[in-house]
Structures are given as C-alpha cells and as structure tokens.
Amino acid sequence: MNDVSVQLTDLLADPALRLRPLTSHCHEGPRPIGWVASTELPDPLPFLRAGELMLTTAMLERSRSEWDDLLHRLAALPVAGLGFGTGLVHHEVPGYVVERAEHAGLALFGSPVEVPFVQISRWVADRVFAERYAQVRRTADVQDALLRELLSGRGLPGLLRRLHGHLDAGAVSVTAPDGRLLARHPAAPEAAAPGTPGTLGTPGTPGTPITVDGVPVARLATERTTARQDLLSFAASVLGLEVARQQAVLTGRRELLGQVVEDVVHRTVPDAEARRRLAAHGIDPAVPHAVVLARVPAGPARLRALPWTLGPLLDRGGDVLPTALVEDSVAVFVPEGVDADATAHTVLERLRAAGPGVRVGVGARRPGVAGLRLGWFEARQAGSTGAGVRTAAPLSLTGLLLGNLDLPLRELGDSVLAPLLRYDAEHGGELLRTLRTYLAHDARPAPAAEALTLHRNSLRHRLRRIEELTGRSLDRLDDRMELWLALHAREAGGEATG
C-alpha cells in the first residue's frame, strides 16, 4: 500500500486554521504529514518519527544555540514541519528562530492561540484516515479485479495482464523452482517462451513465492522493483489457492481412475464392465497400451496435495495421458504411438518434486483388459528393482506373487525365517546367509560350500541346523520353495537378508 499523502501545503492553505508560513520551505514540496506530535520536552527527538508534524508553544526557555541545535536536528530527521504556537508563551515567533529554521531547511509556521493544537491534530487525523480508507478501497477494488480475472475464463493470463497494468514494474512472470518460465505478460520473446529453461525472460526481482500446502511451487515476480508489494503478495496468495483447488480437482479425477484400475487388476469386475469404465476415462482397451507405474516413497498425502507440474494446473487442463492414483503409486497409460520410455522419464522428473527415491517401471505394450492387467504387474515388478526408470523383463511367477497386495507374503516370510534370525542374532551365526546361498546354487552342496568358503561337512552341519530350527526339510521341493519365497519376500520388503 502506498504511503498516505496528507501534505503540509494543504494544511497551511486551510483558512479555518489561520496558520502563517514563516519560512520559504513551507511551500517546498512535497512534505507529507504522517501524524502530529505536540510536545514541550527539552529533547523531543527520541519520541518523534520522520514525517511527523511537531507542534510546540516553546514553554521551555532555550538559548539561541539550543534552538539552532534543535531546529537542525528536526530538519535532519526530517519532520514534516514545526508549528510554533503564539499568544500563550510568545506573542510572536522569535526572529532568530525563524532565521535559524530557514537556514536549517525547516518548514516553520505560526499557530495562533485561538486555534488549539487539537484542532490541527484532528484536521490531520481526519485526512490521514480518509486517505488510508481510500487506499484500502482502491486496493480492495484491484484485488477484486485480480480475483475475477483469475476465476474467469481468462485465468492466469488475465491475472498477469491486470497485475501488469497496476504495478507499472515491467513484465510480470511466473517461474518454476528450477527457473523455467511458465507464464509471462507481456508475452515472452520466442527464445524465452513458457516451458523453456534458463533465465531469458525471467524477471529481475526475487519475486514472491506461490505456495501449496506450505511448499513453494513457483514464484511470481516483476521485471523491476515495485512499490505495490501488497498486490504482488495478494496475487501470489490467490494463485496458490487456485493451484491447490485445481490440484484437488485433478487428484479427484486420478483417484476415480485409480479405483477402476484396482478393480481391473484384482478382477473384481467382469472384463466387459472394465472396458466400459476404462473408456469413460479415455482408455480404449482395444488399443495397445503400455503401463508406466511410479512409486513415491514420500507417501500418498504428499503425492495428492502437491502439483507434479504447474503447466496443466495453470492452464486449467487435465493430464495429457490417462493417469491414476493408487495408494502411493502413479499409473500412466501410454497408448500406441506415444513413447512409453520418454513418458516414464517425464513422470520420474515430475515426481521427484514430491520426494527422492522415486521408482518407475515400464510394462510391455499390449491390447485388451488382460493386457493392461499384465502390464501393471510387469511395471510393478520392474519398478521394484531400484530407483529410476526400469523397463520390465519377462514377468516371473515370483515377481507376480510378491507384487500381489492381497497376499501377506512378507509377513509369512518373516514368520518362516524367524527362528534363523533369532539364532543368528544370539550366536553370531550365518544360517540365513547359508540358506540363501545354498538355494541360489540350486541346492547343490559343492558350489554352495565354495561360495561360502566352507568345508562340505560344515555346510551339512549348518543345513541340518536350519532344518531343525525351521521344521522344514531341504530335501522336499515344496519346503525348499517355501523357504526360497520367504527369502525373496524379505528382500522385496527391503529387509536385510543376513
């Protein structure tokens, strides 16, 4: 908000106050009055602020040197002016006070006793409040206009255009945290078009953050410094609210598709119903699709609250490709003719804003509901192999079992291996490592003993101990399979395998 501008010249020009300008500086402008202070203190300077009007009857006697010092200090502060009351202590303002005020550059005026200081104070107060009220009204009108522009069909471009007209600070821009230009008014040169990296066309001021859920997602800035920081802050606030609103709408769409995807994956609806529901979300199962599945360790809440990219939200658009939210995962369905690998890398870059360690798997492109279902599990298995983008290998039965959320394999695996974990912890043993190595070498003692750097007799002793503790026989295929799955379940769950 601009500073209130009640001028000393207006005060002196009001005939009802009968004030008499005594120095030439009274008509030098501008001299805005912020407030009025009446004082008879020996040293009023500690209690005055710049722009205030000081009124005094000079009840305290001062020498010429003391007046000279006071007047120069008042001019240096600077005060808006000094009103000298006459008719009570002094019949007229002493000539040497007028002379030294002129020399100091101070606006000095006389105030007759018939006009009490409170009348002058009220005159200033009325106009200060009136001016501030007018400024509040003007600011409210501008804020209302900015809000209407944003909520109208003109959206962000309309808000930036209107903001540019009120700020008079050059181009107004919205930039991403990495410096990419997202929007600008006037339009950016071709080399600095929205979405391009770098600083060309980016405002020269630090700008005001646009936040969603307390996290900065962009910056609103002007080309030159503006005195209307209040408008810039308001615009950034409403932009943050609009982005959050659009994000909530987009999240709702993604979660609706996520419910359909869960039904498809877990076969809770017939394929004919699945085809109908998928088509309602822009997925034609007759067209071959690849599934890009990303898992975000930061958790579902952050994934839903924060925008992955501001472009669609600022343009009030949806996802370019059908996108679903399923718990802590994002699924993107990539039709024929669109590069699935490039899409996966784009998803990875966007989701990194929600947190590190994003895992993205890419399934093979297949037609039909069954193809989407198989592609889901392929992408899930590929993503489980590590951070970054991973392309699916042929789907394994183990991977399919471990990827099934309805089966408590990890819990069962921990239960099966618990005796070995306790033994190793209590005796400093390596039974778990021995079991893993033995099964990894197809239950052949010789290569397993060599890998463990053990004598065969020592290996046989350990294997017998494993059988005793687990109650399983390593000669039985189904027992070996159960132990093997238990080991893989712990690895898939991120547990140490010993």
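This is a predicted model: local features need pLDDT of at least 70, side-chain atom pairs count only at pLDDT 80 or more; totals for chains, interfaces and linings use all residues.

Student: How does the reach of α16 compare with the expected value, and what comes just after the helix?

Tutor: α16 has 15 residues and reaches 21 Å from its first C-alpha to its last, which is close to the 21 Å expected at 1.5 Å a residue. Just after α16 comes Gly471, with a positive phi of about 75°.

Student: Why is Thr453 called exposed, while Glu327 is called partly exposed?

Tutor: Exposed means over 50% relative accessible area, and Thr453, with a relative accessible area of 71%, is therefore exposed. Glu327 has 48% relative accessibility and so counts as partly exposed, since that class runs between the limits of 20% and 50%. Glu327 has a positive phi of about 55° although it is not a glycine, and its place is the loop between β11 (323-326) and β12 (329-335). Thr453, also not a glycine, has a positive phi of about 55° and sits in the loop between α15 (445-452) and α16 (456-470).

Student: What makes Thr86 a buried residue, and what does it touch?

Tutor: Buried means under 20% relative accessible area, and Thr86 has 7%, so this residue is buried. Thr86 lies in strand β4, and, not counting residues up to four places away in sequence, it touches Arg20, His91, Glu92, Val93, Ser111, Pro112 and Val113.

Student: How do you know that α2 has a buried side, and what covers its buried residues?

Tutor: In α2, the buried residues are Trp67, Leu70, Leu71, Leu74 and Ala75, and because they cover an arc of only 130° around the axis, they are put on the same side of α2. What covers them includes β3 (52-56), β4 and α3 (95-104). The face turned away from this buried side carries the exposed residues Ser65 and Ala76. In the loop between α2 (64-76) and β4 (81-86) lies Pro78, and the peptide bond from Leu77 to Pro78 is cis, with omega near -5°.

Student: What makes a group of residues a nonpolar core, and which residues have the most contacts inside the largest one?

Tutor: The residues must be buried, of nonpolar kinds such as Ala, Val, Leu and Ile, and joined through side-chain atoms within 4.5 Å. The largest nonpolar core has 27 residues, and those with the most contacts inside it are Leu159, Leu160, Leu163, Val174, Ile210, Leu220 and Leu239. Among the elements that give two or more residues to this core are α4 (117-151), α5 (155-167) and α6 (229-265), and α6 gives the most, with seven residues. Leaving aside neighbours within four places in sequence, Ile210 is in contact with residues including Val174, Leu220, Ala236 and Leu239. A second, separate core of 21 residues includes Leu325, Ala340, Ala354 and Val358.

Student: Why is α6 called roughly perpendicular to α11?

Tutor: The axes of α6 and α11 (residues 368-383) come within 9 Å and cross at roughly 95°. Angles of 65 to 115 degrees count as roughly perpendicular, so α6 is roughly perpendicular to α11. Val261, Val264 and Val265 of α6 make the contact with Val369, Arg373, Trp376 and Phe377 of α11.

Student: How many helices and strands does the whole chain have, and what share of its residues counts as buried?

Tutor: The protein chain has 17 helices and 14 strands, and 44% of its 498 residues count as buried.

Key:
Residues are numbered from 1 along each chain as its sequence is written. Side-chain values use heavy atoms; hydrogens and water are left out. Helices (H or I, at least four residues) and strands (E, at least two) are DSSP runs, numbered from the N terminus. Buried means under 20% relative accessible area, exposed over 50%, partly exposed in between (1.4 Å probe, protein chains only). Contact means heavy atoms within 4.5 Å. The expected span of a helix is 1.5 Å times one less than its number of residues. Axes are lines fitted to C-alpha atoms, for helices over the stretch in contact, and angles run from 0 to 180 degrees between N-to-C directions. Angles under 35 degrees count as roughly parallel, over 145 as roughly antiparallel, 65 to 115 as roughly perpendicular and the rest as oblique. The arc is that of the directions from the helix axis to the C-beta atoms.
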